[in-house]
Each structure stands twice: as C-alpha cells, then as structure tokens.
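Reader: I'd like to learn how to read helix packing in a model like this one. Could we go through it together?

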Amino acid sequence: MKLALLHFFAMGGYGGYVFSAYACVLIFLLAQWFIPWRRWQQYLRRQNKLL
Amino acid sequence: MWSIIKLAQGCLLSPKLFFRYSQAMLPVLAVLFIILLSYGLIAGLILAPADYIQGDAFRIIYVHAPCAFLSLFIYAVMAAAAICALVFNLTLAHLVIRHSASLGAGFTLLALITGSIWGKPMWGTWWIWDARLTSELILLFLYTGIILCQSALAQKMRGERAVAILVLIGFIDIPIIHYSVYWWNTLHQGATLKLFAPSSIDSSMIYPLLAMIAAFLLYYAMVLFLRMGHELTAIKANHHWLEKMP
C-alpha cells in the first residue's frame, strides 16, 4: 500500500511537476470562488449594519 | 426548443429574469461541476495510461489544456458581450465583460504557468519566445489592460463602452493564438482536439480531458452567475447607475 502510494506520488519522476501544476489550478479555482463569496458576506454585513 | 430560445432571450433582456434563473441553476451547476471534476482528476491522475514518450508528465494536459481553452473561450464570450453592449446596450452584457475579465486573466495565467511547468521536463526550459506562448502572453496583457481600464475609468457609463471597444480590438489575438502553431514553426505541439478531424489523442486519454474541459466550463458559468447575481442585488439595493439603463 505504502509502495503503491509512493509510486503514485513519484509519477515516474515527474511528481513535482505534475502535482505543482494541479495544486496551482486547484488553489486558483478555490480562490476565484472564495474571494467574491467573502466580499459578498462583507457587503451583507455592511447592509445589515445600515438597517 | 422554441420555448428555451425565448427563455434565453428573456433572460438576456431582463436582469430580473436572469437573476431568478441563474440563481436557480447554481446548485445544479455545482453538482455537475463536482462530479465532472472528480472524474477528471481520478481518471487523469490514476486511470489514464502514461504517455509512451512523455511518461507521467503528460498528465499536466488535464489541467493545462482546459485552462488554455477557457482563456480563449472567455475572451470570445466577452467579445460577443461587447457587441451586445455596444449595439443593444444590454445591462447584462456589461456585467458579463466586467466579471469575465478577471476569470479569463486567471485562466490565461494558469495556462502559462502549467505550460511552463510542463515545458521544463519536456523542452528543457521554463519559457521560450514561441509563437503560441508569446500570443498567449499577449492575451494575458490584454486581460490585464481590460481590468485596469475597468478600474481606472471613473465615469462608468462611458467607461463600460470604452472597455467593450477595447475587448473587440483585442479579439484579433484569439485566431492568432489558435493558428499560431500552423502559421509558424513552433516548439508547441498542434491542436490535440479537433472539431472536424480525428483527434491526435488516444481514446483512453481523451475522456478525462473532455470531462475536465466541461468541468472548467461549468465552473466559469457558476462563478460568473454568482458574481453577476451579487452585483445585480447590490444594484437593486444601492440605486446604481445601471438601474437607469434600458
């Protein structure tokens, strides 16, 4: 099991390249969703204070 | 079919109708996105066989190609919205341009970064002034210019029209990016997926790629609807200038 995992993460010697590319994309996808959502929550809080 | 076209037309013309339907579609889009992304990641990283020349490094294609596709697709959507904004002065068209620009810039940057990460083990260099890479970099500059223009122009009504014109001028770069690998002798490979010809990728590798492209398209629609929905709500609450528009 451990060997299979090590083999998977090694990616034939390209693990660093492959997983860093995937990590960049996943971080971007999360950020693009999270940043506007956070701004929207801040906006709602501001609006609630005004009421 | 006719009723779907009429509904789409209604959504384009009426921000209220668009808001209602886009917000209702969000959960469906989110579920489809998660399913397709999960399949794409599992199949791309585990199930697809390694390439016989590039080995496992080829798996970067499953994030690089969708990002590159989205960078062009989003600009094409922005250009279509720019025409609608200039000709019909549609409220929603201005919003599509505004909220697509940052997403398009992000996907273009990601296409360049992931391409660079792929290029190092395959070409032996992080960057080369190749026609495809250079034209993609120009696209990133175009997106940056549009974002800066949007934030710099204080007079919103005129500013939005200026941005729409800038988007249309920049559209010239899209066919250049697409055909750069055919027009010039480049290090970058030709198109992997072709509309009217057999694809140059094996069927065991193509399905995760198609799933990832579909997932990224759904993600774009989802985030765009979310952002536009937020802005439309803010407009309604704050009597924004957009309210006065037809």
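Reader: In which crossing, left-handed or right-handed, does α3(B) pass α7(B)?

Author: Happy to start there. This is a predicted model, where local features need pLDDT of at least 70, side-chain atom pairs count only at pLDDT 80 or more, and totals for chains, interfaces and linings use all residues. Residues are numbered from 1 along each chain as its sequence is written, while chains are lettered from A and ligands numbered from 1 in the order in which they are written. A crossing is left-handed if the near helix is turned anticlockwise from the far one by less than a right angle, and right-handed if clockwise. Here α3(B) passes α7(B) in a left-handed crossing. (Helices, H or I of at least four residues, and strands, E of at least two, are DSSP runs numbered from the N terminus.)

Reader: At what angle do the axes of α3(B) and α7(B) cross?

Author: Axes are lines fitted to C-alpha atoms, for helices over the stretch in contact, and angles run from 0 to 180 degrees between N-to-C directions. The axes of α3(B) and α7(B), residues 173-183, cross at roughly 155° and come within 10 Å. Angles under 35 degrees count as roughly parallel, over 145 as roughly antiparallel, 65 to 115 as roughly perpendicular and the rest as oblique. The two helices α3(B) and α7(B) are therefore roughly antiparallel.

Reader: Which residues make the contact between α3(B) and α7(B)?

Author: Two residues are in contact if their C-beta atoms, placed from the backbone, lie within 7 Å. From α3(B) come B:Leu72, B:Tyr75 and B:Ala76, and from α7(B) come B:Ile174, B:Ile177 and B:His178. By class, this contact of α3(B) with α7(B) has 5 nonpolar, 1 polar and no charged residues. (Ala, Val, Leu, Ile, Met, Phe, Trp, Tyr, Cys and Pro count as nonpolar, Asp, Glu, Lys and Arg as charged, and the others, Gly among them, as polar.)

Reader: How do α2(A) and α3(B) pack?

Author: Their axes are 9 Å apart, at an angle of about 40°, so α2(A) and α3(B) are oblique to each other. The crossing of α2(A) past α3(B) is left-handed. A:Ala21, A:Tyr22 and A:Val25 meet B:Val63, B:His64 and B:Cys67 there.

Reader: How many residues of each chain are in contact across the two chains?

Author: 18 residues of chain A are in contact with 25 of chain B. On the chain B side, α4(B) gives the largest share, 9 residues. That side divides into 16 nonpolar, 5 polar and 4 charged residues.

Reader: Which residues touch the most other members of the largest nonpolar core?

Author: A nonpolar core is a set of buried Ala, Val, Leu, Ile, Met, Phe, Trp, Tyr and Cys residues joined through C-beta atoms within 7 Å. A residue is buried if 20 or more other C-beta atoms lie within 10 Å of its own, exposed if 12 or fewer, and partly exposed in between, with C-beta atoms placed from the backbone. The largest core has 65 residues, and A:Ala21, B:Ile60, B:Cys67, B:Met78, B:Ile97, B:Ala215 and B:Tyr219 touch the most other members. The helix α8(B) gives the most to this core, 16 residues.

Reader: Is B:Ile213 buried or exposed?

Author: B:Ile213, in helix α8 of chain B, is buried, with 21 other C-beta atoms within 10 Å. Leaving aside neighbours within four places in sequence, B:Ile213 is in contact with B:Pro66 and B:Phe69.
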